[in-house]
Amino acid sequence: MSNHLLEVKKLSKYFPIKGGLFKRKVGDVKAVDQVSFYVKKGETFGLVGESGCGKSTTGRTLLRLMEPTDGQILFNGVDLATLKGETLRKARRDLQMVFQDPYASLNPQMTVEQLIEEPLNIHNIGEKVDRKDRVLQIMDTVGLNKNFGGRYPHEFSGGQRQRIGIARALALQPKLIVADEPVSALDVSIQSQVVNLMEDLQQEFGLAYVFIAHDLSVVRHISDRVGVMYLGRMAEIAPKGELYTKPAHPYTQALLSAVPVPNPRLKRERIILKGDVPSPANPPQGCAFHPRCPKAFDRCKVERPEMIHLGSEHYVACHLYD
Amino acid sequence: MSQALLQIENLKTVFENTKSAVTVVDDISFSMNKGETLALVGESGCGKSMTSLSIMGLLPGTGKVAQGKIMFEGNDLTKKSVEDISKIRGNKIAMIFQEPMTSLNPVLKIGDQMTEGLILHHKLSKKEAEARAIERLKLVGFARATDIMNEYPHQLSGGMRQRVMIAMAMSTDPQLLIADEPTTALDVTIQAQVLELMRDVKAEFETSILLITHDLGVVAEMADRVVVMYAGKVVEEASVFDVFEKSSHPYTEGLLKSVPNLESDQTRLYSIRGNVPTPEEFPIGCRFAPRCDKAMDHCFDHAPDLYRVGDRHQVRCFLYHPEKGTFSHE
């Protein structure tokens, strides 16, 4: 398994629900519930699902921006979940994050140059005099005008700000970038610029991405393999070609059929799911998807499905394939 | 054009302060027939929402219609008094917004909010209004409509709230429903539910829908006709088939090519260079010229008109000017 850059094993993140007179713990919101997957060197792993499915929490837990409740996060063989203090900080150099709203994640009182230089200062990389050159070089790489280094985030458009966010992540030459909805807030024409930039950077630096998004078309475009999450659990993992042409999990099938396609002549068979996603504080017994599943049978109501290997790199958590 | 339900003529919407005026909607014309769904498409800042708010007479702050006509059933809405407009609004013209939570009152029960307009506009008794509200809630798919009447907005999910908004909008049998990004805040599976509901409602009541969206997939699925806006101007108007199959404006073409395809793999996405300009910095000449791959010298200092390229298909681009050959190329 040497080509697995990141291997996540049974990762869980529970948030306690407190209530009653003494604010005692009365339950858990199982935001991420025993999720396992791996990311290979230089590949893009897409993580999709609807709001509340736990995809963002998974991304944040990977970087220990949130503490995992249980499970292992093996990065180059080292379990990040157990690291502390200085060792954790050093390990984090190799893992960086890009957020959905770059404006909220950039300090408005810092100039672009300062923003991109900050990670270099924190990790004490290179000589002080060289850092400025490095910043200019990174700005050039992500397509920011070098003359704008003295400007502040508010002077940039959404797409440009996302470039600043990417430049910051790139400054430490990481091996893996977790990108949480990096293009969702952008207009269509700007979205494709940022997607193309991320692909170019991957080529140039051999980066691996965990690309978290709800837009299935964008995920198809950028990913090599895709994981579909539902209610804190992984429903299906497959290489993208297979996931989009031969989805196995009834949820994946419904999700794909729900996406409106920009072709007015195409009339697709649509699986309309009844009802809403249940609350992760009180997930259904058995398979989390069974109350909405058109193919559910008795076993689904009582027994939680394990991941079943369907061949090559295709895995599905569904009793239909047992 | 006697059957046009809504006809916008040379609409210009301006935001004024003491020093300057910013034109956010610039000389827009289009018309909608009864029972037609027209999609108003464009990126943020193109003026699509401001166009709909102009129609509703709900422009925020210092915004006002500076010029043009909004003909609805033969009457010019811009000439109407505030009282007359409010009689039409929420009655013959209804609107639903992107985020239903901000348009629902959090401290009032759904039932009270649904019946308020009916009692006010339609002089129904409380009982009649409640019966109508329950009927419409059932129509939008609430099996337990009577219970929903007694619930508060926070007790409902996003998709349910949007369905309540649609039920509320449809409670007065409007001729025109303006839907401003109605599914943008919703998840795809919930979006599919809401879009299907809007199609059912349209079929049952022959309501015309003015659909404002940036999602080309939603456009393809819902619209009969499409108006593409860029920087406050209409750049292309056509049937939904012509827009997707014979799109003529370089901006429309670029938008369609920028969207990743769910059905097949592409190696690289097309991208339109540069950024969407803000109203303060709209270029003179063609507003798309600085980002256009096909721009000619002429485009940078002359503003194009809409030129006809087919049946009910118009394009604002010098490439379709009848005397295009006389312009110098780069």
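Hi everyone, let's start where the two chains meet: 39 residues from chain B and 33 residues from chain A make up the contact, where two residues are in contact if their C-beta atoms, placed from the backbone, lie within 7 Å. This is a predicted model, in which local features need pLDDT of at least 70 and side-chain atom pairs count only at pLDDT 80 or more, while totals for chains, interfaces and linings use all residues. Residues are numbered from 1 along each chain as its sequence is written, and chains are lettered from A and ligands numbered from 1 in the order in which they are written.

Now to the sheets. Strands of a sheet pair through backbone hydrogen bonds, either parallel or antiparallel. Chain B has an open sheet of eight strands with mixed pairing, in the order β6-β7-β8-β3-β9-β10-β12-β11; two strands pair if DSSP finds at least two bridges between them. Why is one side of β6 (93-96) and of β11 (307-310) of chain B left without a neighbour in the sheet? Because both stand at the edges, each with a single partner strand. From one strand to the next, the twist averages 20°. Three bridges join β11(B) to the antiparallel strand β12 (residues 313-315) of chain B, and B:Y307 has B:V315 as its bridge partner there. Helix α1 (residues 48-56) of chain B packs on this sheet, and its direction makes about 145° with that of β7(B). For such angles, axes are lines fitted to C-alpha atoms, for helices over the stretch in contact, and the angles run from 0 to 180 degrees between N-to-C directions.

Over in chain A, an open sheet of four strands has antiparallel pairing and the order β2-β1-β4-β5. Its edge strands, β2 (24-40) and β5 (78-79) of chain A, each pair on one side only. Twelve bridges join strand β1 (residues 4-19) of chain A to β2(A), and one bridge pairs A:E7 with A:Y38 in β2(A). Helix α1 (residues 55-62) of chain A packs on the sheet, touching β1, β2 and β4 (70-75) of chain A.

Let's finish with two helices of chain B. How do α4 (residues 110-122) and α5 (residues 126-139) of chain B cross? Their axes come within 9 Å and cross at roughly 120°. That makes α4(B) oblique to α5(B), since angles under 35 degrees count as roughly parallel, over 145 as roughly antiparallel, 65 to 115 as roughly perpendicular and the rest as oblique. Residues of α4(B) including B:G111 and B:M114 meet residues of α5(B) including B:K126 and B:A129. The residues of this contact divide into five nonpolar, two polar and three charged.

Conventions. Ala, Val, Leu, Ile, Met, Phe, Trp, Tyr, Cys and Pro count as nonpolar, Asp, Glu, Lys and Arg as charged, and the others, Gly among them, as polar.
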